[in-house]
Amino acid sequence: MDALDQKLLDLLTRDARMSLALLARRLGVARSTIQYRLERLERSGAIGGYTIRPGAAARGPSIEALVLIAVEPRLQAAVEKRLGAIAAVRR
């Protein structure tokens, strides 16, 4: 992986939906160069896939809360494990 590959990955990390033409313009290379490098990065496993991060509108309304709980010391590990299994719990 060279400097151009790293710059390409940096741009895609910020916006994976960026078109080949725009990537090429930003990096100052031909569109075909970007296409070739993307295919090579995908084959090598450097790019494992493309995804989206849903925005607030897609997630719907949210409520943030700071919740403090008291737990008996002997139950702490079990409570932490169960709370960790809840996707909405951050920490």
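Author: Start with a term. Buried means under 20% relative accessible area, exposed over 50%, and partly exposed in between (1.4 Å probe, protein chains only). Arg 74 is exposed, with a relative accessible area of 68%.

Reader: What kind of model is this, and how are residues numbered?

Author: This is a predicted model, where local features need pLDDT of at least 70, side-chain atom pairs count only at pLDDT 80 or more, and totals for chains, interfaces and linings use all residues. Residues are numbered from 1 along each chain as its sequence is written, and side-chain values use heavy atoms, with hydrogens and water left out.

Reader: How many salt bridges does the structure hold?

Author: The general idea comes first. Side chains of opposite charge can pair when their charged atoms come close. A salt bridge here is a side-chain nitrogen of Lys or Arg within 4 Å of a carboxyl oxygen of Asp or Glu. The structure holds five. One of them joins Arg 37 and Asp 5, at 2.7 Å from N to O. Arg 37 lies in helix H3 (residues 31-44) and Asp 5 in helix H1 (residues 3-14), so the pair ties together parts that are 32 residues apart in sequence. Helices are DSSP runs (H or I, at least four residues), numbered from the N terminus.

Reader: Are Arg 37 and Asp 5 buried or exposed?

Author: Both Arg 37 and Asp 5 are buried. They also belong to a network of salt bridges that links Asp 2, Asp 5, Arg 37 and Arg 40.

Reader: Which residue pairs with Glu 64?

Author: Arg 90 does, with the closest N and O atoms 3.5 Å apart. Glu 64 lies in the loop between helix H4 (56-59) and helix H5 (76-84), and Arg 90 in the segment after H5, so the pair ties together parts that are 26 residues apart in sequence. Glu 64 and Arg 90 are exposed.

Reader: What does Arg 74 pair with?

Author: Glu 72, in a salt bridge of 3.3 Å, N to O. Glu 72 counts as partly exposed, at 44% relative accessibility.

Reader: Which residues of H3 are buried?

Author: First, the general idea. An α-helix has 3.6 residues a turn, so residues three or four places apart point the same way. In H3, the buried residues are Ile 34, Arg 37, Leu 38 and Leu 41. Seen down the axis of H3, its buried residues fall within an arc of 105° (taken from the directions from the helix axis to the C-beta atoms), so they line one face of the helix.

Reader: What covers the buried residues of H3?

Author: The cover includes H1 and H2, where contact means heavy atoms within 4.5 Å.

Methods: Helix = DSSP H or I, 4+ residues; strand = E, 2+ residues; numbered from the N terminus.
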